[in-house]
Amino acid sequence: MDKTFKQHTLLIIFIVVAFIYICRLFYLQIIDDSYFLSAQNNVLQEQTIYPARGLIYDRNGELLVYNDAIYDLSVMPEQVKDLDTLAFCKVLNITKEEFIKKFERLKHQKGYAPWKPCVFERQITIPTYAAFQERLFDFHGFFVEVRTDRKYKHNNAAHVMGYIGEVTDKDIEKSDGYYRMGDFIGISGVERTYEKQLGGKKGTRYVLVDSKSRSQGRYKNGEFDTPAVAGKNINLSIDYRLQQLGEELLTNKTGSVVALEPKTGEILALISSPSYNPNLLIGRDRGKKYMELLRDPMKPLFNRTLAAPYPPGSIFKILMALTGQQEHVLTPNTAYGCHHGYMFVGCHPHGSPLPLRPAIAVSCNAYFCQVYRSIVNNPSYKHAEDAYNVFYKHIASFGLGSKLGVDLYGEGSGFLPKATFYDKIYGRFRWQATTTISLGIGQGELGITPLQMANATATVANRGYYIVPHIVRRIEGKRNPDTLYQNKHWTTIDTGYFPVVIEGMQDVVERGTAYVARIPGINIAGKTGTAQNPHGKDHSIFFAFAPVENPKIAIAVVIENAGFGATWAAPIASLMIEQYLTGKHDTRKDLKERMIKGNLNHRNDTTATQTQ
Amino acid sequence: MTPLQPKPSSIDWITLLLYFIFITIGLLSVYASVYVESKPMIWDTSMNYGKQLIWIFISVFIGLLILLIDEKFFYAFAYPIYAITIFLLVLVLAIGTTVKGSSSWIEIGGFRMQPAEFAKFGTALALAKYLSGYNKNFEKKRRDQYISAAIILAPMVIILLQNETGSTLVFFSFIFVLYREGLPGWILLAGLVLGILAILALLVPATYILIGLAIVALLFLLMVRRTKSLVLITMGMLLFAGVLVNSIDYVFQNVLQAHQRTRINVLLGKEVDIKGAGYNVQQSKIAIGSGGFWGKGFLQGTQNKFRFVPEQSTDFIFCTIGEEYGFVGSVIFIGLYMYLLFRLLMMAERQRQKFNRIYGYSVVSILFFHFLINVGMTLGLMPVIGIPLPFFSYGGSALLSFTVLLFIFIRLDANRVNELKSF
Ligand SMILES: [Zn+2]
């Protein structure tokens, strides 16, 4: 190519580019007046449109949570000019000192910038809003934002639904700028885990505002506006009536109830007592009320069902019976004698020796210590430790010792000791069945949460599998899409080993320790338990499922410091099963009355919360 | 060493004057774009303008220092300087600080530096040295072509790994240098066509492009005298374009991640991201448009509405000029910038030493590329690629590196007089 042409190519390119850019400038600055609009000192204002949060219903379509409009007074600090402070304070009903203090506080908020809108006064009353709206044009830079707060139709199920509150700095950071100071976010319960679905998406409206704060209309006909997307409505798997009954029955008691639908893993009721009224945590006093609840020695904010580990007591006997069969160290005909206990584990008087089924029915401690011993000291394994590892695997396959993955915030994993745990205490190969014998009857270092207890019960009801418990059934009318809540988790126990155990559990209710739980016409399989509590009176435990032939509900009830399982936990479970299966709850009025009226909190205030 | 010192008369004073004009306007623009009433002092170092002022002092000082250095130094140390910049780039990859998603910063005692900026003159020096070496012929020798390409590509790859797309693209400006040194014109043209085709492939469904290309090819064949080989070549090119367009589409849909796709879409204006890139451009156009013929005057720009544009003192600095000085000011600005580029081009062509010429060309090309993309972006004509406007944008390491880049050339050029005398 010609050298002189090469020398001039760049020059030509420069000229062409300069020409194009100058033409473009001519167009932008002189011809196209849509850009000129802004020349009249119009200010582009970004307004946030807050979406309505999704509504929450129970499994039968009963509305539980809805929205309420609130009005926040916001301010764009740098647009505040010539403010008649006195008039302004009068409308808001505050003193001038308060006004100055509020403004100073705004300036020290994280992320403050004079050109960013921020909330000046949260949730002004409707009369204030009206008075303010009248004089809006006198108060340049101030404007009212409408958003929604939560309202709870009933005062129940607080722990399930959780609550919303203002975002923290951390939330803002994590959200990549989506959340703004003062926005609401789900903090616990379903509100937290389903924030994405319930929260919807904020929209933005761009308006031109002149120097006197008067709106000059939409910017570019709303070309850049994004509409708010409303949050999705959610159906919980909770049966509201069952939940309500359960909460009523737990009045003045400390404890938990978890009811599941075995076939689906859906949580039918989730009660942690003491609870609180969800309508406390809304509105302007949210923060104050929250602090009060936080300081309450009864810890009403603590969700026991998910996080409180209890010694499981008798549910462990059931798992032991299944594991023993699976490991071929136990058959339904294996009989052990009982002379008021085994080693240092005591037992109550009953016939002896007994085979498996009646041993379950009378809940013989000695029997299950023997089963545990034969599992861990199984001669087919070289060390007790190896046998224990196998035992651990079987028990863990029921979902014990780890988080199940429920869609609620704050789940605990409970505690199921691994072999290494005992190695640390006793040294490697230095321990065996008798060293850890209390495990056989579900005492000792074990801890399982009421949710895990209910889940294990559901697993027995299903004859060998469970679906991870979950609380959200439908989202916007469609099945909860999370496959975690659809897949079956099979245990390591063969289905064939379940029937004899279930028969034993049925005997418990028909003619055993939980006779009080019997409901004519419904076959219930259950098991009472009494969990030793080093801090006070034993915990009363009962878990059951019904009907035996086609389980529709599996339930675990723990009443703290209430003594025998049959006294409190079993009747409460029975009343709830009846309500759920038949819709009736007043066939046994006396029993119900007695349960509701029973006040177990007043006499042991000091010990009530120590299991946490 | 007296004969090697540049005589004051031999320094290109016009370029130097333009440099000082630019940094002054630049500082005033930074001042105007982040000005707040409570902090009116331009030396307030808590504000961007105060910091920029410090960087101006540092840059001018180092620039003057460069003018005092023996011009042979740059030739002798071209490779070591290149090696150091490459080393810094690699170092950043290992220990760099991440700012706005790009991990291209090194932090030393509160000061942040972007080695990618320094890689520009490092590469320019190395390329100039290599191509001016004994018996080198870029036009003819394959080996020389490959090594030149490697010199340019090495920093590009590392900078791309730092997620600094803008700075990576700047290295494409070396294509002008290579063109001047013998790269055939059709490669320049083909590069341009490929670029346009690639962008089109993402904007328009592949079938439309292919139909369009087929029509063009058909028209072309109808208009010229058809020979068998011409038809075959045209068909071959059509086939190649088809494969290219489809493969770009495939990579875009299947290889890239969702957020990368969004970014590219926003870049191309397919998706309006009102909070991000697209919004900045909208706002930038409003600001420039609102300047009108005469502009609003210094500090009269309604910057408050403009604070939506977070990069106004860096990448969108031209907005301030457009808004406050209007069409008149903008044209003067473009005129001055063009004058600098013409001047530098003229200076490059008047060099007798190949090293000086190639370096000079690199300077012109780099500055022009920045101008092209940056101003084009604020005018909504170019995709939003975050690269600064040399001498104007806020940013210490950028200002310093452009100063060094320019002053080395002024120093090299000043020696021309000595050369003449020595003949
Ligand atoms: Zn016994």
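**Notebook: looking around a two-chain model**

I began with two helices of chain A: the axes of α9 (residues 240-249) and α20 (residues 589-597) come within 7 Å and cross at roughly 60 degrees. Axes here are lines fitted to C-alpha atoms, for helices over the stretch in contact, with angles running from 0 to 180 degrees between N-to-C directions. Helices (H or I, at least four residues) and strands (E, at least two) are DSSP runs numbered from the N terminus.

I then looked up who meets whom: Leu245(A), Glu248(A) and Leu249(A) of α9(A) meet Lys592(A), Met595(A) and Ile596(A) of α20(A). Contact means heavy atoms within 4.5 Å. By class, I found four nonpolar, no polar and two charged residues there. Ala, Val, Leu, Ile, Met, Phe, Trp, Tyr, Cys and Pro count as nonpolar, Asp, Glu, Lys and Arg as charged, and the others, Gly among them, as polar.

**Ground rules**

I noted that this is a predicted model, where local features need pLDDT of at least 70 and side-chain atom pairs count only at pLDDT 80 or more, while totals for chains, interfaces and linings use all residues. Residues are numbered from 1 along each chain as its sequence is written, chains are lettered from A and ligands numbered from 1 in the order written, and side-chain values use heavy atoms, leaving out hydrogens and water.

**Confidence**

pLDDT is the predictor's confidence in each residue, from 0 to 100. I read a mean of 85 for chain A, with 93% of its residues at 70 or more. Over residues 604-612 of chain A the value is below 50, and this stretch has 20 contacts in the model beyond near neighbours in sequence. Where pLDDT is low, the predicted coordinates should not be read in detail. Chain B averages 80, and 80% of its residues score at least 70. For the complex, the predictor gives an ipTM of 0.85 and a pTM of 0.63.

**Cores**

Which residues have the most contacts inside the largest nonpolar core? I found Val190(A), Leu236(A), Phe316(A), Tyr388(A) and Met576(A), in a core of 139 residues. Domain 2 (45-236) and domain 3 (240-597) of chain A both give residues to this core, so it lies between them; the bounds come from an automatic or database domain assignment. Such a core is a set of buried Ala, Val, Leu, Ile, Met, Phe, Trp, Tyr and Cys residues joined through side-chain atoms within 4.5 Å. Buried means under 20% relative accessible area, exposed over 50%, and partly exposed in between (1.4 Å probe, protein chains only).

Apart from that core I found another, of 107 residues, among them Val17(A), Phe121(B), Ile152(B) and Val177(B).

**Two single residues**

Is Lys403(A) buried or exposed? Lys403(A) counts as exposed, at 55% relative accessibility, and sits in the loop between α15 (384-396) and α16 (419-426) of chain A.

I compared Asp413(B), in helix α17 (residues 396-422) of chain B; at 0% relative accessibility Asp413(B) counts as buried. Its C-alpha atom is 7.3 Å from that of Ile11(B), 402 residues apart along the chain.

I spotted a cis peptide bond between Ser273(A) and Pro274(A), with omega about 0 degrees. Another cis bond joins Ala546(A) and Pro547(A), with omega about -15 degrees. Ala157(A) has a positive phi of about 55 degrees although it is not a glycine, and Ala157(A) is buried, with a relative accessible area of 7%.
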